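Here is a short briefing on one protein chain. Keep the sequence and the 3D view open while you read.

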Amino acid sequence: KFLSGLPGIQKEGCDGLITSATFILHKMPQHIRTVCLEFFGNISHAVPSIVEIKNYLDQSEDVLLAGLEHLDERYIKAVGYSTKAARVARPKMILIADIASDSESKVGEAASKMVQLANVRDGEGFIAVSPESRKRFWLDRARTAAIAKHTNAFKINEDVVIPLDKLGEYSNGIDRLNIELSIQNKL
């Protein structure tokens, strides 16, 4: 990474400078579903279902992944997230995805399959159809700047680009580092 991580220049794993680009605009498919997946167990156990979901959608010719965001436990706590599941505890991780298709039945089938894949790994899924309910699903993601309130610090915008199948290792490693540094700071 020869740019040495210059702010505003190097982002999302950039290893060079873009000198030209071609933009191709596609018409957004008619039918959109927002799927919210809540994972309650160990994050490293949830990651395989996320990889399976991504692979399933990548192989689909009729349904495309239009948006995908993940909230870890820090952000879930910071935004005061209320679980959609019939559980008392907050989830350890949330995955919010927009999927789209010109076929209403295909997008519905894909959303159901995503929920099934999450169910196998201590996850629960919820599907929003109307624009209003879809917007409510994304609202917690929009409020993640509230992490500043929770940490008593300013928020640093962070985008970490890691291979999806390493998300569990990454999350566990960050938790371990936070615990180690917290102990060091108290000594």
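Is E180 buried, partly exposed or exposed? E180 has a relative accessible area of 35%, so it counts as partly exposed. That value comes from a predicted model. The protein has six helices and four strands. The points below start with the whole chain and then move to single residues.

**Overall layout**
- Along the sequence, the elements follow the pattern β-α-β-α-β-α-β-α-α-α.
- The protein has 187 residues, and 32% of them count as buried.
- Its accessible surface comes to about 12,000 Å². Carbon and sulfur atoms account for 54% of that surface.
- Take the contacts with a sequence separation of 6 or more: 77% of them join residues 24 or more positions apart.

**Helix α1**
- Helix α1 covers residues 43-59, which makes 17 residues.
- From its first C-alpha to its last, α1 reaches 25 Å. That is close to the 24 Å expected at 1.5 Å a residue.
- The buried residues of α1 are I43, A46, V47, S49, I50, I53 and L57.
- Their cover includes three strands: β1, β2 (64-72) and β3 (93-101). It also includes the helices α3 (104-119) and α6.
- P48 also sits in α1. P48 counts as partly exposed because its relative accessibility is 30%.
- P48 and R121 are 73 residues apart along the chain, yet 8.1 Å separates their C-alpha atoms.

- A110 belongs to helix α3. With a relative accessible area of 1%, A110 is buried.
- The C-alpha atoms of A110 and L57 are 7.7 Å apart, although 53 residues separate the two in sequence.
- Beyond its neighbours within four places in sequence, A110 is in contact with Y56, L57, V63 and I99.

**Strand β1 and T34**
- T34 lies in strand β1, which spans residues 31-39.
- T34 is buried, because its relative accessible area is 0%.
- The side chain of T34 makes a polar contact of 2.4 Å with the side chain of D98.
- Setting aside residues up to four places away in sequence, T34 touches I96, A97, D98, F126, I127, A128, R134, F137 and W138.

**The D72 and R74 pair**
- D72 is found in strand β2. Its relative accessible area is 18%, so D72 counts as buried.
- R74 is partly exposed, at 32% relative accessibility.
- D72 and R74 form a salt bridge, with the closest N and O atoms 3.5 Å apart.
- The backbone of R74 is involved too. Its nitrogen lies 3.2 Å from a polar atom of the D72 side chain.

**Other salt bridges**
- The structure holds 10 salt bridges.
- D58 pairs with K54, and their closest N and O atoms are 2.8 Å apart.
- D58 and K54 are four residues apart in helix α1, so about one helical turn separates them.
- Both partners are partly exposed: D58 has 48% relative accessibility, and K54 has 28%.
- E180 meets R176 in a salt bridge of 3.1 Å, N to O.
- E180 and R176 both lie in helix α6, four residues or about one turn apart.
- R176 is partly exposed, with a relative accessible area of 46%.
- R87, D122 and E124 are linked in a network of salt bridges.

**Nonpolar surface patch**
- Which residues make the nonpolar surface patch? I179, I183 and L187 do, and the patch is about 370 Å².
- I179 lies in helix α6, which covers residues 167-186.
- I179 counts as exposed because its relative accessibility is 52%.

Technical notes
Residues numbered from 1 in each chain as written. Predicted model: local features only at pLDDT ≥ 70, side-chain atom pairs only at ≥ 80, totals over all residues. Heavy atoms only, no water. Patch = residues over 30% accessible without salt bridge, like charges linked within 9 Å, V, L, I, M, F, W, Y side chains within 5 Å. Areas by Shrake-Rupley, 256 points an atom, 1.4 Å probe, with all protein chains shown as cover. Salt bridge = Lys/Arg side-chain N within 4 Å of Asp/Glu carboxyl O. Helix = DSSP H or I, 4+ residues; strand = E, 2+ residues; numbered from the N terminus. Buried < 20%, exposed > 50% of the residue type's maximum accessible area, 1.4 Å probe, protein only. Polar contact = N/O pair within 3.5 Å; in protein donor to acceptor, adjacent residues only side chain to side chain. Contact = heavy atoms within 4.5 Å. Expected span 1.5 Å × (residues − 1).
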